[in-house]
Amino acid sequence: MSTLASDPLATSAETWRDHSSREPVVPAELVPPRGVSRRERVTALRRRHLLRERRALDTYAASRSPERGWPVADNRVVLTFFRGLLAERRSEVFWLVALNALAAGAALVVPRLLGNLVNRTVHGGARADQISALNELALLIVGVVCAQALLTFLAQRISTIFGQDLLSSAREYIVRTVLRLPLGRVEGASTGDLVTRVTRDVGTMSRSVQFGLPQAIISGLTVGLSVVAMLLNSVVLAVPCLLLIGASGFQVRRYLQRAPKGYITEGSTYSRINTTLTETVEGARTVEALALSDLRVGAGDDDIEVSAQAERYTMTLRNLLFCVIDICFNSPRVVTLLVGAWGYSKGWVSLGQITAALLYVESLSGPLDRLVGEMDRLQVGVASTSRLLGIAQVPEDRVAGTERPDGPHLVGEDLHFAYREGHDVLHGVSLDLEVGERLAIVGPSGSGKSTLGRLLSGINGPRTGSVKVGGVDLVALPLEQLRTEVALVTQEHHVFVGTVRDNIVLAREDSPDEAVWDALSAVGSRDWVERLPHALDTMIGSGQQSLTPAQAQQVALARLIIADPHTLVLDEATSLIDPRTARTLEGSMNALLDGRTVVAIAHRLHTAHDADRIAVVIDGEVLELGSHHDLVAQDGEYAALWRAWTS
């Protein structure tokens, strides 16, 4: 018999190492060749770019409907999202466009006035009346500049307000979307991907919404008005410049077609990095025990290398775009001067028109550069928004009905459930809970106890069968009401940044302070809360007043008392806490459990000993059901578990 078969635990590390030996994540074709001619290097560079493009296209196609991960929305959904945000702010958009148009118009009047000033100076001589006219023109220019400064200030102010308001609405939408996600889907998909989307992608989208969109509108207005001003000044001088600038259109179009897919691919590689990092941190003890540090570091290096290839692709797209743009945007200065000199010699244009044309070209290059820069920012933002809106496309796992329970009676009938299609973990489980009883669910690890608890608390809906409370399916209840009927209590708890009061009244925000103090008294935590610097108004959570694990769990229990569900499903709420703290919390929980129906998923059999009934779950089926003494007397599965526990 092999070592693996005789002692699998002893070879766990080798199993992981065998699993980790795979082909390089980056194909050899993406590695730059050495010792070759310049022509071969250029050819290899083009080949690498095309290969990276194909990888980006494959990643983008896979993101449309992933098997287990989070989808990515298409451009139509993104445009609808932004159109909706703008439609809600028609007044702000109007003033944003109007004020920026006026500011840009005032700025474009100045070159024309300066051109007239040049013409009058050249042709007017030094007569007193001409000098007076020149002074008036100069004063007019000063007045226009001052008006432009004022309009620019007002335009920037409305732009800032517009951007912040837009950002606020976008973030609120994302928060609502994330909170709406089916919990089963959240736990089944990649945590690293979701974390990346709600951190990095939210930040990128925020910058695009706050700065990119308003600045793109402003730059686009300025460019459009500048083109009109150039044509009004002199068609002869404007057309060659506009043709040169327009020549960059083919590269801009190519960039716009490819950049979103490249940036979406970048986002997916960041998700991959976060997933590996999260797994390594969460499994740090396992990594240390099996001496897998080098392998986990290597996995992280592989993810970074994949991400680097994705970034090289988008960097190449930007370099090609900016190379063409630099030529097309800088050449008009020289061309305008040459065409102007030739046109002046033919008598087609004046010195004032040449002066104005040069100023227009100079003033056009800045907004054009900003427009291209904001366009790149928007492409990154669109990619991140596509990933964020992809979360919103995850279908609901339930549809709230109109029926309401007529009592607290909880019944599960013929429950089948599968995390993966075709692999049921529950097989026809049925449980009828008496109101006010305590039912313990026991069984070996992996038998389906926690899964059954999730179904009985309405976290997941069964594949077939039903869980009903008061004659109504749990998954047909609105979530707000579901949590006042049945609640799941686990060893995981969370303290939000806010006051003690805020953390406790989450379920019922209209609860008075008297109810909060009563809830704290019920779980035995009133004394230590009164000793806090500001009692109920003390800020707790990350970076605030720290709480011990027992105190944090007591806050969570007080929150449940405020919610006041008639049925509780306890998934060993104290299993991860030290025994002394666990005994304190179990005493606190007695107040919470009194008068309620309780389903306790018991990993420690002393919890089951005091239950009214015990359900023994083996391989997804309830094999035994009865009291502790009855099941011990039957000398079946529970009796064997009890002997193993007490021995």
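**Figure 1. Overview of the predicted model.** This is a predicted model in which local features need pLDDT of at least 70 and side-chain atom pairs count only at pLDDT 80 or more, while totals for chains, interfaces and linings use all residues. Residues are numbered from 1 along each chain as its sequence is written, and side-chain values use heavy atoms, with hydrogens and water left out. The protein contains 23 helices and 12 strands (DSSP runs numbered from the N terminus: helices are H or I of at least four residues, strands are E of at least two). Of its 647 residues, 44% count as buried (under 20% relative accessible area, with exposed over 50% and partly exposed in between; 1.4 Å probe, protein chains only). The mean pLDDT, the predictor's confidence in each residue from 0 to 100, is 79, and 88% of residues reach 70 or more. Residues 1-12 have pLDDT below 50, and beyond near neighbours in sequence this stretch has 6 contacts in the model (contact: heavy atoms within 4.5 Å). Where pLDDT is low, predicted coordinates should not be read in detail.

**Figure 2. Packing of helix H12 against helix H13.** H12 (residues 293-346) and H13 (residues 351-392) pack at an angle of about 175°, with their axes 9 Å apart. The axes are lines fitted to C-alpha atoms over the stretch in contact, and angles run from 0 to 180 degrees between N-to-C directions. The two helices are therefore roughly antiparallel to each other (over 145 degrees; under 35 is roughly parallel, 65 to 115 roughly perpendicular and the rest oblique). Residues of H12 in the contact include Phe322, Phe329 and Tyr344, and those of H13 include Ile354, Leu358 and Val372. By class, the contact has 15 nonpolar, 3 polar and 5 charged residues (nonpolar: Ala, Val, Leu, Ile, Met, Phe, Trp, Tyr, Cys and Pro; charged: Asp, Glu, Lys and Arg; polar: the others, Gly among them).

**Figure 3. Helix H14 and the residue Gly458.** In H14 (residues 449-456), 7 of the 8 residues are buried, so that the helix is mostly covered. Among the buried residues are Lys449, Arg454 and Leu456. Just after H14, Gly458 takes a positive phi of about 80°.

**Figure 4. Positive phi at Ala291 and Asp635.** Ala291 is not a glycine, yet has a positive phi of about 55°. Asp635, also not a glycine, has a positive phi of about 55° and is placed in the loop between helix H22 (628-634) and helix H23 (637-646).
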